[in-house]
Amino acid sequence: MNEKLKQLESDFKLALVAVENSVELKELESEYLGKQWKLKAILAWVKDLSIDDKKTVWVAANALKNEFSELLSQKSQSLEDAYFKDIEEKEALDVSIGFASQKLWHKHPISHATELLEDIFISLGFKIEDGPQIEDERHNFDMLNIPDNHPARDVWDTFWISDTINKHKKSWEKYLLRTHTSPVQVRTMISQELPIKIIVPGRVFRYEQEDARHTSNFYQLEWLVVGEWVTFWDLKWTLDTVMKQLLWEKTELRFRPSIFPFTEPSAEVDVSCQICSGTGIRDAKKCSMCSGTGWVELLGAWMVHPTVFEGCGIDPMKYSGFAFGMWIDRIAAQRFWVSSSRMFYQNKLKLNEQF
Ligand code: DAH
């Protein structure tokens with residue numbers, strides 16, 4: 001009987017070596033261990049043996065069965081390893097090949113300008129904040145000291161969200177596409193601890209008549225600094241430092257008094273136009289970027305209005321702050337000498353491929 005088991009064992013091992021894939025392995029398994037297992041046929045003899053011999057054979061047969069199972073599972077593992085190794089070799093992809101010489105993408109000039117600005121501000125210790133592009137009236141207007149019927153609302157030609165959504169809302173809850181990044185000032189002052197030192201780059205929308213400087217969708221960068229003893233000199237120093245790093249050394253800045261309901265006092269800041277070097281004339285024609293004035297309005301700014309502070313729960317007798325709203329498109333146009341910011345939205349490869 002033992003002889004028969006030994007023979008079975010060596011047959012099994014030989015067959016196992018010949019197995020090349022998982023299908024053959026399954027067949028071998030069912031041949032030796034399945035319902036019609038070979039061991040079973042051998043064991044048919046057992047019934048004629050004495051009880052002691054029966055026991056010995058059963059023990060040996062069981063040991064053999066366990067050994068077969070173990071060998072089958074080892075084989076299965078090695079087949080699987082070989083299968084994946086094969087795939088790895090056949091499908092190996094060397095991603096380093098062929099890319100060095102090709103530039104397959106170009107950064108959009110607005111992303112370029114935004115990243116330049118972010119780097120400068122981060123080096124000055126500012127944090128970057130974000131806010132929703134679909135804003136409510138309260139944050140976009142009311143809390144910035146521009147209540148309903150305030151004449152200043154006319155300055156921001158607004159895209160309102162459809163009437164089906166807005167008609168059930170109270171006046172200050174109506175939704176709109178944000179007209180500036182200033183609402184993020186309010187959101188930050190309400191939710192964050194003082195002191196605050198943030199910038200907010202982002203997309204804004206206005207119902208504009210388009211020309212070289214105006215598009216109905218453009219990018220702004222808001223800056224806000226709030227703390228004790230924040231003064232106009234901090235504002236001036238920050239502005240000088242940023243502009244010197246961003247534009248050319250010869251750039252001149254011009255402050256003009258202005259009115260923004262959320263700052264008091266307020267100013268608009270112009271830079272000398274880089275496109276026409278401040279002359280107002282380019283290619284013997286009026287420069288379209290600065291409308292021939294030699295100056296480009298780049299930002300609105302100054303000290304945060306006490307009413308805005310109060311609305312956000314900040315004591316204006318204790319704290320002060322300054323805020324800016326800057327036109328990234330115009331910065332990009334000036335920095336990269338693009339004569340009309342409208343070109344940024346025309347998807348012209350000729351322009352984008354230069355970056
Ligand atoms: N939000 C203003 C606009 O879009 C720009 C602006 C002016 C932002 C003065 C400010 C500021 O933070 O202080 O026209």
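Predicted model: local features only at pLDDT ≥ 70, side-chain atom pairs only at ≥ 80, totals over all residues.
Here are some notes on the ligand site, the backbone and a few single residues in this structure.

1. A word on the model. Residues are counted from 1 along the chain as its sequence is written.

2. Polar pairs at the ligand. In the side chain of His180, an N or O atom is 2.8 Å from a nitrogen atom of the ligand. Arg206 places a polar side-chain atom 2.7 Å from a ligand oxygen atom, and for Gln220 the distance from a polar side-chain atom to an oxygen atom of the ligand is 2.9 Å. As for cover, the ligand taken alone exposes 350 Å², and the protein buries 98% of that.

3. Two cis peptide bonds. Leu194 and Pro195 are joined by a cis peptide bond, with omega about -5°. Pro195 belongs to the loop between α8 (183–191) and β4 (196–205). The peptide bond between Glu264 and Pro265 is also cis, with omega about -5°. Pro265, however, is part of strand β7 (residues 263–272).

4. Positive phi at Asp283. Most residues other than glycine have a negative phi. Asp283 is not a glycine, yet its phi is positive, near 50°. Asp283 is in the loop between β8 (281–282) and β9 (285–286). Is Asp283 buried or exposed? Asp283 counts as exposed because its relative accessibility is 64%, and the cut-off for that class is over 50%.

5. Positive phi at Trp337. Trp337 is another non-glycine residue with a positive phi, about 60°. You will find Trp337 in the loop between α11 (328–336) and α12 (349–352). Trp337 has a relative accessible area of 47%, so it is classed as partly exposed.

6. Glu135 is in strand β2 (residues 134–136). With a relative accessible area of 1%, Glu135 is buried, the cut-off being under 20%. What does the side chain of Glu135 make a polar contact with? The partner is the side chain of Arg187, at 2.7 Å.

7. Ala113 and a distance to look at. Ala113 is part of helix α5 (residues 109–123). Its relative accessibility is 1%, and therefore Ala113 counts as buried. Between the C-alpha atoms of Ala113 and Glu67 the separation is 70 Å, with the two residues 46 apart along the chain.

Notes:
Heavy atoms only, no water. Polar contact = N/O pair within 3.5 Å; in protein donor to acceptor, adjacent residues only side chain to side chain. Areas by Shrake-Rupley, 256 points an atom, 1.4 Å probe, with all protein chains shown as cover. Helix = DSSP H or I, 4+ residues; strand = E, 2+ residues; numbered from the N terminus. Buried < 20%, exposed > 50% of the residue type's maximum accessible area, 1.4 Å probe, protein only.
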